[in-house]
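Colleague: I would like to go through this model with you and ask how each label was reached. Please set the values against the rules as you answer.

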Amino acid sequence: MTDSAARLANDFIRQIIRRDLAQGKNEGRVITRFPPEPNGFLHIGHAKSIVLNFGIAREFAAADGVRETRCHLRFDDTNPSTEDLRYVEAIQEDVQWLGYDWGEHLYFASDYFEEMYSFAQELIRKGLAYVDSQSEKEIRERRGTVTEPGIPSPHRGRSVEANLDLFRRMRAGEFAEGEHVLRAKIDMASPNMLMRDPLLYRIRHVEHYRTGDEWCIYPLYDFAHPLGDALEGITHSLCTLEFENNREVYDWLVENTSVPYRPHQYEFARLNLDFTIMSKRKLLRLVKEGDVEGWDDPRMPTIAGLRRRGITPQAIRTFCEMIGVARSDSRVDMGKLEYAVRDDLNQKAPRVLCVLDPLKVVITDWPQGKTDELEAPHYPHDVPLEGSRILPFSRELYIDRDDFAEDPPKGFRRLVLGGEVRLRYGYIIRCQEVVKDAQGRITELRCTHDPGSRGGSAPDGRKVKGTIHWVSAAHALPCRVRLYDRLFTVPDPDAAAAGRGEDGDIRDFLNPESLEVKEGALVEPSVADDPPDTRYQFERVGYFWRDPVESEGDALVFNRIETLRDTWAKVGTKLAAGGVEREGRDAPARRKGRDGSEDGAAGEPHAGEPGAPPELPPEVKARATELESQFQLERVDAEILARDAEVERFFRVAVEEWPDGALPLANWIINELPPLQGDRPLEALPFGPGELAELVELVEEGTISSSGGRQALEVLARDGGEPGAIVERLDLAQISDPTVLRPIVLDVVEAHPDKVKAYMTGKKGLMGFFMGQVMRETRGKANPEVAKGLLSEVLDG
RNA sequence: UGGCCCGUCGUCUAAUGGCAGGACACCGGUCUUUGGAACCGGCGGUGGUGGUUCGAAUCCACCCGGGCCAACCA
């Protein structure tokens, strides 16, 4: 597998969509949405969501059984005090720049205010919402805590008429902010805090950037979001993990209002990237406090920042596909983004020469005033693009200061006194003399050249290890180069700040060296003719492009998009670590690895001790003891059965049906039933203890295999029925006859000669593979002992 | 602490009861007029303990660790 990106993504969300499609849900529609709040700029975490949502719409358009796919852009603008048109515009620009198109499906939650108002009235009429007139503080205090239930509002019992009237007057502007709110009437004792009568509407006498002063009541997220989704016919509403608890409210709302569609919410892990932050609020603060130059500062993780830095939309999309989509909290290594950026630019960036820190080189045997025009290709041999430019070569040149060493570290392949080096596309030169100023600083190198090496190849075929970049002093263009590094000094600034307690501040972990400006850099003259948005590789240095903001007019200001991989810098770091006083080029500039992670974990707590059994209510314990002695069950099993009276009853009735089957019945009830049960109560199952007993007995007596038993149980749990009949209908009778099984076993073995060889040479784990094949062939009907015996007979000789 | 969710190489992510695989990173090598790219090879993982099963990363129980929830934010 050389191209992982080519492999179609199959994350859990796409699996759900495929499943829904296969089951004919939503009439073959796959409709997603990206729902930003216009209260800040989008960042790379949003890019993950954009690529997911728009990517799904694009991808599934061609899938089987699909009638329609699309992805909406919906502004979730229900909070007038933080939102602004300027953000709406910036967000649209960012989404488009990333390469996505919402077509005509641009929506605003604020466009639904009237409809939402009607849904609120509907809830009131159904007795499912009420106007609460407690103060904000009272509401908060009476919500209870995670361990204690809340206290119902004294206004919870208001009549439908009173609620309707009050709500109408809220809208009419008769009340001040905070005087009343509209609340859903759900459950003040719910273990899910969000279900404790969530607020639906609040009064805000604030002008909304779109609806002006048309409204003075505004819906809250929990109310507006599901309704917006439903109104737009969203089928799969994808959001991040922190909204997990909100799903219960979401479902409650779409089930209790007469919305046209029934959308479903699925949550995935938001993106966390090392050495940066993703909170819009915190990013806004960096902007406001001047820590960065704006939302589009190239150090920012914002789309605008990445764009200004020079990163391409393709690189961001690739990155998003590389990191995948899952449900576990994660933190992605910067290296992954860097890889995506380099991989993209390597394929398209023309190569040019630029000297960041110039050191003068005089070619003493080069005639004064003579200029040689060298043709240099824009791309290396392995990039399939054409193009070249002219590189002027003259007596006075500049090279980068760290491409010369008076006292070279081991392995140094660049210029040294008395040594040779190749000037890229130019000549091989030899350093004859080092000129220093009064302070001992090197000011000039005096070199001679090999006239026969024009273009860089030695006429006599001698090996010149080093090749360095250079510019001609008389022709080079002065420029400013901005080198960016990570914004923070620690991988997880939020955690680091939190680790400092109350007054922890992420700004304490800002990297003071996140921007280094090279004022006196010199770039080859050819760049003057290029389009201003050209992304270059400055050979041996990194990828750069002209800063679109600072490069007004002729000013040449370059941003470093990304460094090149630099194995020499790594050697330098290692040498330094080994106590050798040497530094590779740039070595200290980039901190690799997870330094700064502070507090080394001392004294890991030990996991896995058996641990005291959970403290059960005495009554449960007593019933467990009873079960334990009555049926000779293991204590743990007895307790599991006793924990739920309904489960215990189920078990007891089943045992009545089959008195000898207590143990297997307990096993099946404990281990096999729960996953099939889902969230249905036992009583809601389409079968009872009698059927289970019958089924388990069929397994125990060998009529069907345990695998067959599980298959039958699946059917039983789904459709109900009579076990014997199911076994009959599905043809699940166990195959224990060796004469029947043997040919199947032989077939399986013959079909996999390579596996057999591997097995013979010791890979015994393959027995599971062969068993699996036999089971597959027999649809789980093979008697495992017999099959295994046969297999072992064949394979082990 | 109540509820919900999540634990797979250093990192991200597959395997949906049947061979623990890929990517990034790292290490070594080949090649090289970029210490780039490419290519080849290597290192390295199912949090723990029990149980169910012929077979468990996957199902069950407990433990450990992590996340989210007590805004009139989203």
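Colleague: What is the strand order in the open sheet of 7 strands?

Modeller: First, the ground rules: this is a predicted model, in which local features need pLDDT of at least 70 and side-chain atom pairs count only at pLDDT 80 or more, while totals for chains, interfaces and linings use all residues. Residues are numbered from 1 along each chain as its sequence is written, chains are lettered from A and ligands numbered from 1 in the order in which they are written, and side-chain values use heavy atoms, with hydrogens and water left out. The order of the open sheet is E21-E18-E19-E20-E12-E15-E22, and the pairing is mixed. Helices (H or I, at least four residues) and strands (E, at least two) are DSSP runs, numbered from the N terminus.

Colleague: What makes E21 and E22 the edge strands?

Modeller: Strand E21 (467–468) and strand E22 (470–472) each pair on one side only. Two strands pair if DSSP finds at least two bridges between them.

Colleague: How do you know that E19 and E20 are joined?

Modeller: There are 7 bridges between strand E19 (residues 428–436) and strand E20 (residues 442–449), and the rule asks for at least two. The two strands run antiparallel, and Glu433 is placed opposite Arg446 in E20.

Colleague: Why is the pair Phe538 and Phe544 called stacked?

Modeller: Rings of Phe, Tyr and Trp (its six-membered ring) pair if their centres lie within 6.5 Å; planes under 30 degrees apart count as stacked, over 60 as edge-to-face and the rest as tilted. The whole structure holds 25 aromatic pairs. In this one the ring centres are 4.3 Å apart and the planes are at 15 degrees, so the pair is stacked. Phe538 and Phe544 are both buried, where buried means under 20% relative accessible area, exposed over 50%, and partly exposed in between (1.4 Å probe, protein chains only).

Colleague: What makes the pair of Tyr759 and Phe770 edge-to-face?

Modeller: The angle between their planes is 80 degrees, and the distance is 6.3 Å centre to centre. Tyr759 lies in helix H23 (residues 753–760) and Phe770 in helix H24 (residues 766–777), so the pair ties together parts that are 11 residues apart in sequence. Tyr759 and Phe770 are buried.

Colleague: How do you know that Arg535 sits over the ring of Trp545?

Modeller: A charge sits over a ring if NZ of Lys or CZ of Arg is within 6 Å of the ring centre and within 35 degrees of the ring normal. The charged end of Arg535 is 4.3 Å from the centre of the Trp545 ring. Arg210 also lies over a ring face, that of Phe108, at 3.5 Å from the ring centre.

Colleague: What makes Arg70 and Glu68 a salt bridge?

Modeller: A salt bridge is a side-chain nitrogen of Lys or Arg within 4 Å of a carboxyl oxygen of Asp or Glu. The closest N and O atoms of Arg70 and Glu68 are 2.6 Å apart. The count by this rule is 69 salt bridges.

Colleague: Why is Arg70 called buried, and Glu68 partly exposed?

Modeller: Arg70 has 18% relative accessibility, so Arg70 counts as buried. Glu68 has a relative accessible area of 28% and is therefore partly exposed.

Colleague: Which parts of the chain does the salt bridge of Glu550 and Arg480 link?

Modeller: The side chains of Glu550 and Arg480 meet at 3.3 Å, N to O. Glu550 is in the loop between strand E26 (542–546) and strand E27 (557–563), and Arg480 is in strand E23 (residues 477–484), so the pair links distant parts of the chain, 70 residues apart.

Colleague: How do you know that the length of helix H17 is close to what is expected?

Modeller: The expected span of a helix is 1.5 Å times one less than its number of residues. Helix H17 (residues 645–657) has 13 residues and reaches 18 Å from its first C-alpha to its last, close to the 18 Å expected.

Colleague: What puts the buried residues of H17 on the same side?

Modeller: The buried residues of H17 are Val647, Glu648, Phe650, Phe651, Ala654 and Val655. They cover an arc of only 160 degrees around the axis, which puts them on the same side of H17. The arc is that of the directions from the helix axis to the C-beta atoms. Glu656 and Glu657 are exposed on the other side of H17.
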